Amino acid sequence: MKERDIEALLRDGVKQLGGKAYKWVSLGNAGVPDRIVILPGGVVHFVELKQEHGKLTRLQKIQQKRLKDLNATVFTLYGVDAVKQYLEAVKEMVAHGVYST
């Protein structure tokens, strides 16, 4: 499955849970994660999506470290199964009113 199809799966799944999965394009900041996921309760995740055997670039690793250093929650999801697992975990979190990660 192509990365854009994996992104669509994430976007649509987050929408069904009442959240938003904004495409993140930050001019002058190459390597930022693909999506900013905002969930009910104000929980924010930065999500990088890769094909099952994809690899993070050096710049993506740097950008993720910068976000993590700010105590941001960052996920790298490899393939469809990882997106489905993420969505199931988020579904449980939302269902139980857990608003922090």
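Predicted model: local features only at pLDDT ≥ 70, side-chain atom pairs only at ≥ 80, totals over all residues.

What share of the contacts between residues at least 6 apart in sequence join residues at least 24 apart? I found 55% in the protein, with contact meaning heavy atoms within 4.5 Å.

Residues are numbered from 1 along each chain as its sequence is written, and side-chain values use heavy atoms, with hydrogens and water left out.

**Overall fold**

I listed three helices and four strands, taking them as DSSP runs numbered from the N terminus (helices H or I, at least four residues; strands E, at least two). Along the sequence I read the pattern α-β-β-β-α-β-α. The radius of gyration is 13 Å, close to the 13 Å that the globule rule gives for 101 residues, so the protein is as compact as a globular protein of that length. That radius is taken over C-alpha atoms, and the rule is 2.2 Å times the number of residues to the power 0.38. I also boxed the C-alpha atoms along the principal axes and got roughly 35 × 30 × 20 Å. Of the 101 residues, 37% count as buried (under 20% relative accessible area; exposed is over 50%, partly exposed in between, with a 1.4 Å probe and protein chains only).

**Helix 1 against helix 3**

Next I looked at helix 1 (residues 3-16) and helix 3 (residues 79-95), whose axes come within 10 Å and cross at roughly 10°. The axes are lines fitted to C-alpha atoms over the stretch in contact, with angles from 0 to 180 degrees between N-to-C directions. That crossing angle makes helix 1 roughly parallel to helix 3, a label for angles under 35 degrees. Helix 1 brings Ile-6, Leu-9, Leu-10, Gly-13 and Val-14 to the contact, and helix 3 brings Gly-79, Val-80, Val-83, Lys-84, Tyr-86 and Leu-87.

I then checked Gly-13, which lies in helix 1 and is buried at a relative accessible area of 11%. Its C-alpha atom is separated by 13 Å from that of Ala-82, 69 residues apart along the chain.

**A loop residue**

Is Asn-71 buried or exposed? Asn-71 counts as exposed, at 72% relative accessibility. I placed Asn-71 in the loop between helix 2 (58-69) and strand 4 (73-78). Most residues other than glycine have a negative phi.

Notes. Parallel < 35°, antiparallel > 145°, perpendicular 65-115°, else oblique.
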